[in-house]
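Me: I have a structure open and would like to learn how to read some of its features. Could you walk me through them?

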Amino acid sequence: MKKDATIYIAGHRGMVGSALQRKLQSEGFTNFLTRTSRELDLRNQAAVNEFFATEKPDYVFLAAAKVGGILANNTYRGEFIYDNLMIQNNVIHASHVNGVKKLMFLGSSCIYPKLAPQPLREDYLLTGPLEPTNEPYAIAKIAGIKLCDAYRSQYGSDFISVMPTNLYGPNDNYDLEKSHVLPALMRKFIEAKRENKPTVVMWGTGSPKREFLHVDDLADACYYLMQNYSEEGLVNIGTGVDVSILSLAQLIKETVGYHGVIKHDLTKPDGTPRKLMTIDKLKGLGWEPSITLEEGVRMVYEEVREEAWAV
Ligand code: GFB
């Protein structure tokens, strides 16, 4: 990627897109194409086609998506499949039509079968039934991988797919109904400490295990792969280490310095029991993460400790 290349980051205001832009800026790239969803609705095929035909990006990072935590995925099932299919179909096809040099499609570790052996290897894709709470989202993301592969096969497009594990970091979503677990618990512990509340409620049993990657590490890996990887299929991006949700809660509790009690809301779903990915392929390509969960949680706490969230 030449430093004067024109780069379109779809989803540049989200947690992933903004991290990608920070990374590319730090590497000396200056020529960014960005549009808010209000300026360009990526579900609108005609609008996307016109944007690509006019702006002719050299490289595309497809980080725009309808995303959310377990409850949002399970509640807005129609939006999660429709919006994501439309966004990725439009952007990937327009990239092909307009001769984009390389495109990176970002998926999620939830594409793997619910009960696949752990750690999850890239070739476990489509070997069993999916976790029901996020099946619509996972189906859309699997379709995106297959779309990139089909365009590579039929047209020779240099479109690659990466599957990040559960992410956290700057510009995360702190809406307690829609967010993922790490920002949700961070907010709950900070507010409970501030307001001297005796308890903090976490969802589910706390026994599911998850792998967490700081989004700055993700952006670093994406930039690395954009330069060093060009194949069909997918590459996992994670840490190769997971923790139980209860351990995560305890880590955040300690980091925040909250001394109350953790309670469980068992009416909320646990979701998939475990989704630890192997990162052997990524390591083999020459990349490893550098931010530990303890460091990352500390970084997030420093970023948001004074935040006054709307109710
Ligand atoms: O992060 P999370 O919403 O998503 O939930 P998933 C992870 C686990 O944390 C679940 C528990 O077992 C939740 O029940 N949990 C505990 C909480 N307290 C809370 C809380 O206050 N808020 C939230 N949100 N969870 C999503 C998928 O799955 O992960 C998406 O639905 C996507 O498709 C994304 O793949 C990365 O890891 O279960």
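Me: Let's start with the rings. How many aromatic pairs are there?

Reply: Keep in mind that this is a predicted model. Two rings are paired here if their centres lie within 6.5 Å, and by that rule the count is 9 aromatic pairs. Take F80 and Y137: their rings sit 5.9 Å centre to centre with 75° between the planes, an edge-to-face pair. F80 belongs to helix α4 (residues 77-97) and Y137 to helix α5 (residues 135-155), so this pair ties together parts that are 57 residues apart in sequence.

Me: Is F80 buried or exposed, and what about Y137: buried or exposed?

Reply: Buried means under 20% relative accessible area. F80 has 1% relative accessibility, so F80 counts as buried. Y137 has 10%, so Y137 is buried as well. Now look at Y151 and Y155, another edge-to-face pair, at 5.0 Å centre to centre and 85° between the planes. These two tyrosines are 4 residues apart in helix α5, which means about one helical turn separates them. Y151 is buried, with a relative accessible area of 13%, while Y155 is partly exposed at 40%.

Me: Which residues do ring pairs link into a cluster?

Reply: Look for Y8, F51 and F52, which are joined that way.

Me: Why is α1 described as largely enclosed by the rest of the structure?

Reply: Count its buried residues: 9 of the 12 are buried, so α1 is largely enclosed. Among them are M15, V16, L20 and L24. The elements covering these buried residues include β1 (7-10), β3 (59-62), β4 (102-106) and α7 (215-228).

Me: What is the volume of the second largest pocket?

Reply: That pocket has a volume of about 200 Å³. Of its 13 lining residues, T239, V241, I291, T292 and L293 lie nearest its centre. By class, the lining has 6 nonpolar, 3 polar and 4 charged residues.

Conventions. Residues are numbered from 1 along each chain as its sequence is written. This is a predicted model: local features need pLDDT of at least 70, side-chain atom pairs count only at pLDDT 80 or more; totals for chains, interfaces and linings use all residues. Side-chain values use heavy atoms; hydrogens and water are left out. Buried means under 20% relative accessible area, exposed over 50%, partly exposed in between (1.4 Å probe, protein chains only). Contact means heavy atoms within 4.5 Å. On a 1 Å grid over the protein atoms alone, a cavity is a set of points where a 1.4 Å probe fits but cannot get out, and a pocket is an open set with protein on both sides within 12 Å along at least five of seven lines; lining residues have an atom within 4 Å of a point. Grid points are joined across faces, edges and corners, and a volume is the space filled by probe spheres set on the points. Ala, Val, Leu, Ile, Met, Phe, Trp, Tyr, Cys and Pro count as nonpolar, Asp, Glu, Lys and Arg as charged, and the others, Gly among them, as polar. Rings of Phe, Tyr and Trp (its six-membered ring) pair if their centres lie within 6.5 Å; planes under 30 degrees apart count as stacked, over 60 as edge-to-face and the rest as tilted.
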